[in-house]
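Let's take a walk through this model together, starting with a sheet and then stopping at a few individual residues.

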Amino acid sequence: MGSQQSNVPSGGGTDDTTPPQTNADGAGTTVTIYNGDPGVPTNLLGTATESSQPGVFTFTPSTPFPNNQTVNLQVIATDTAGNLSTASTVYPITIVTGPPAAPTIVAVADDAGSIVGNLTPGQSSDDALPVLTITAAVGSTIRLFNGTEEIPGSALVTGTASGISTYTFTPARLLTSGSVSLTATATNAAGLTSSASAPFSYTIDRQPPAAPTITSIGTNNVFAAVGGTISGTGEAGATLALQFSSGQNLGGGTSPTTVTVGPDGNWSVNVSAADVIAYGEGAERVTVRQTDAAGNQSESTSQNFNV
């Protein structure tokens, strides 16, 4: 029955709820079929019929097996003298009459570069080999697509609860830079494939921004006692870090001072009177570098000034 018609291997799946079974035994033997332990009377399915080939028996269940159930088939033979055999080895098959539900892409993680963590739809990332967390029906084979292009990779089960498994999927090759729309499908043991998951869309950006510029420092590269500003240009939305040669950064401490480049591509930081006092008189040098929204870092730009 269904699109795949062949013998179901032990442990395999089928969409046929009344799969015919064939057993071999001695001619004249009575073969009784069970679902589970033959010692439990309610597990009895029926008696097989000897085919035209002596010693070969066939059996078709009169009641369809329920969907998504594993059937553990066992047989016992009774010879013409009434002697019972031991039970056969269990032959499990899984009944699957429809495709699984569409999987869910739970998370897409960036684990490379200076900005790491789970992405949000629409975000930019510099990681062309993201790690995906996908949930789907137990026993599913997971396939990943970017648009209509299948992305090869491996899916490992990391947990299972209430018939749903959590898979970690890692692409086997780099995703192409630009707009990405990832979807996943699940295929069950009977070969039936789900509809696609909801897409997870974002942008892969592996191009570092240009080095930022410094357009002004104080008044003609000199800070008087009252302080002033350092200004320049960069990539809109990038995070710009300033580091000073003395190790003394704005507001005190040694951590780089950071500022976000504005939508117009300009940035500016204030140098307070307290900062000027902390620097003391003399020569100083500031170095700036920017990191874009995807985590790509630019080359640095430096400029000298006096206090």
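Two strands count as paired if DSSP finds at least two bridges between them. Strands themselves (E, at least two residues) are DSSP runs, numbered from the N terminus, as are helices (H or I, at least four). This is a predicted model, in which local features need pLDDT of at least 70 and side-chain atom pairs count only at pLDDT 80 or more, while totals for chains, interfaces and linings use all residues. Residues are numbered from 1 along each chain as its sequence is written, and side-chain values use heavy atoms, with hydrogens and water left out.

How far can the coordinates be trusted? The pLDDT, the predictor's confidence in each residue from 0 to 100, averages 86 over the chain, and 90% of the residues score at least 70. Residues 19-26 stay under 50, and for them the model has 31 contacts (heavy atoms within 4.5 Å) beyond four places in sequence. Where pLDDT is low, the predicted coordinates should not be read in detail.

Now to the sheet. It is open, with mixed pairing, and its 5 strands run in the order S11-S18-S17-S13-S14. S11 and S14 (149-151) stand at the edges with a single partner strand each, so one side of each has no neighbour in the sheet. Further in, S13 and S17 (residues 178-187) pair in the antiparallel sense over 6 bridges, and Thr 141 stands opposite Thr 187 in S17.

Strand S13 (residues 141-146) also holds Arg 143. With a relative accessible area of 32%, Arg 143 is partly exposed; that class lies between buried (under 20%) and exposed (over 50%), using a 1.4 Å probe and protein chains only. Beyond four places in sequence, Arg 143 is in contact with Glu 150, Thr 183, Ala 184 and Thr 185.

Asp 126 sits in the loop between S11 (124-125) and S12 (131-137). What is the nearest side chain of opposite charge to Asp 126? It is Arg 206, 7.4 Å away, and the buried Asp 126 has no salt bridge, a term that requires a side-chain nitrogen of Lys or Arg within 4 Å of a carboxyl oxygen of Asp or Glu. For charge, Lys and Arg count as positive and Asp and Glu as negative, with His and the chain ends not counted.

Finally, a look at the backbone. Most residues other than glycine have a negative phi. Ser 162, however, has a positive phi of about 55°, and is exposed at 80% relative accessible area.
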